[in-house]
Every structure is written in C-alpha cells, then in structure tokens.
Amino acid sequence: MKFNISDWVQGKTKDGELIHGFVETIDILQGFVTVNVVKSDNEEVIGKIVAVRSSWLKNVSDIPLDDAQVFQNSIDLALDTWDEAWFMELTNTRNASEGAGKAGDRSKVYPFPANRLGQSA
C-alpha cells in the first residue's frame with residue numbers, strides 16, 4: 001500500500017466530500033484507510049475519523065509545492081494542526097529556496113501565474 005500511518009492525505013469520501021487529513025489506520029486486506037479529517041467541504045466531518053478507500057486518496061507530499069499559494073497553505077495547515085515536523089520541513093525547504101533565490105532571479109523561487117496585466121514584478 002502506498003500510505004503509512006501519519007501520512008497527510010487528500011481525497012474523497014464515499015459521499016463525495018473532499019477531505020484533507022492524516023492517516024490513522026490502514027486495512028491492507030480491505031483496501032481502506034481511516035483518516036482523521038482536518039479540513040473538508042462538509043464541516044460536519046471535520047475532527048472525525050472516516051474510512052476511505054485507499055484508491056480515493058492521494059498523498060499530500062505528491063502535490064507539487066512550486067506554487068507560492070499552495071506552499072503557504074501547506075505551512076498554514078501545518079501550523080493549524082500543530083505538526084511541528086512538517087512545519088520545520090516546509091520552512092527549511094522555503095529557506096533553502098530563498099537562499100537560492102538571493103543568488104539569482106527570485107521569480108524562479110515562487111513562480112506566480114500570469115494575470116491579464118502580465119507577470120507580477
């Protein structure tokens with residue numbers, strides 16, 4: 001199985017609710033993962049543990065962090081959930097990227113999407 005206990009995941013429940021949380025348990029034989037839901041489009045499941053088919057989930061670490069907004073949202077989520085290890089990993093990555101950006105063009109560190117007025121400065 002591609003998940004480990006405490007991995008951050010995103011996916012859908014059988015009712016179609018979008019969830020974001022961390023893995024509590026894994027049932028390899030049945031193909032289910034229980035997820036402690038931290039964020040969801042259905043506020044009733046936030047803070048609860050739900051069983052989800054493993055094929056309906058995606059590791060958060062598989063989500064590219066090259067977009068500045070996605071990166072900042074991940075840092076905010078780490079702070080909201082008191083996940084110190086993940087927060088330190090993200091801030092160390094950010095600091096390394098900023099260090100690389102000081103030597104060169106900062107637009108390569110956090111690429112911003114073009115809008116109707118063009119690239120941001």
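The structure is a predicted model, in which local features need pLDDT of at least 70 and side-chain atom pairs count only at pLDDT 80 or more, while totals for chains, interfaces and linings use all residues. Residues are numbered from 1 along each chain as its sequence is written, and side-chain values use heavy atoms, with hydrogens and water left out.

The protein chain contains 2 helices and 5 strands. Both kinds of element are DSSP runs, numbered from the N terminus: helices are H or I with at least four residues, and strands are E with at least two. Along the sequence, the elements follow the pattern β-β-β-β-β-α-α. The chain has 121 residues, and 33% of them count as buried. Here, buried means under 20% relative accessible area, exposed means over 50%, and partly exposed lies in between, with a 1.4 Å probe and protein chains only. The accessible surface comes to about 8,200 Å². Carbon and sulfur atoms hold 52% of that surface. Accessible areas come from the Shrake-Rupley method with a 1.4 Å probe; for residues, only the protein chains shown count as cover. Among contacts with a separation of 6 or more, 37% join residues 24 or more positions apart. A contact means heavy atoms within 4.5 Å.

Two strands pair if DSSP finds at least two bridges between them.

Strand 1 (residues 8–12) pairs with strand 2 (residues 18–27) over 5 bridges, in the antiparallel sense. Trp 8 has Phe 22 of strand 2 as its bridge partner. Val 9 stands opposite Gly 21 in strand 2. The hairpin of these two strands has 5 residues between them. Within this hairpin, Gly 16 takes a positive phi near 85°. Strand 1 also pairs with strand 5, again in the antiparallel sense, over 3 bridges. There, Gln 10 stands opposite Lys 58.

Strand 3 (residues 32–40) and strand 4 are joined by 5 bridges in the antiparallel sense. Asn 36 stands opposite Ile 49 in strand 4. Side chains alternate along strand 4.

The structure holds 2 aromatic pairs. Rings of Phe, Tyr and Trp (its six-membered ring) pair if their centres lie within 6.5 Å; planes under 30 degrees apart count as stacked, over 60 as edge-to-face and the rest as tilted. Trp 8 and Phe 22 form an edge-to-face pair, with 5.4 Å centre to centre and 65° between the planes. Trp 8 lies in strand 1 and Phe 22 in strand 2, so this pair ties together parts that are 14 residues apart in sequence. Phe 22 is partly exposed, with a relative accessible area of 24%. Trp 8 counts as buried, at 10% relative accessibility. The rings of Trp 8 and Trp 86 have their centres 5.2 Å apart and their planes at 25°, so this pair is stacked. Trp 86 lies in helix 2 (residues 84–103) and Trp 8 in strand 1, so the pair ties together parts that are 78 residues apart in sequence. Both Trp 8 and Trp 86 are buried. Trp 8, Phe 22 and Trp 86 form one aromatic cluster.

Helix 1 (residues 68–80) has 13 residues, which should span 18 Å at 1.5 Å a residue. The expected span is 1.5 Å times one less than the number of residues. The end C-alpha atoms of helix 1 are 18 Å apart, which agrees. Its buried residues are Ala 68, Phe 71, Ser 74, Ile 75, Leu 77 and Ala 78. Trp 82 follows helix 1 and has a positive phi, near 60°.

Most residues other than glycine have a negative phi. Ser 6 is not a glycine, yet its phi is positive, at about 85°. Ser 6 lies in the segment before strand 1.
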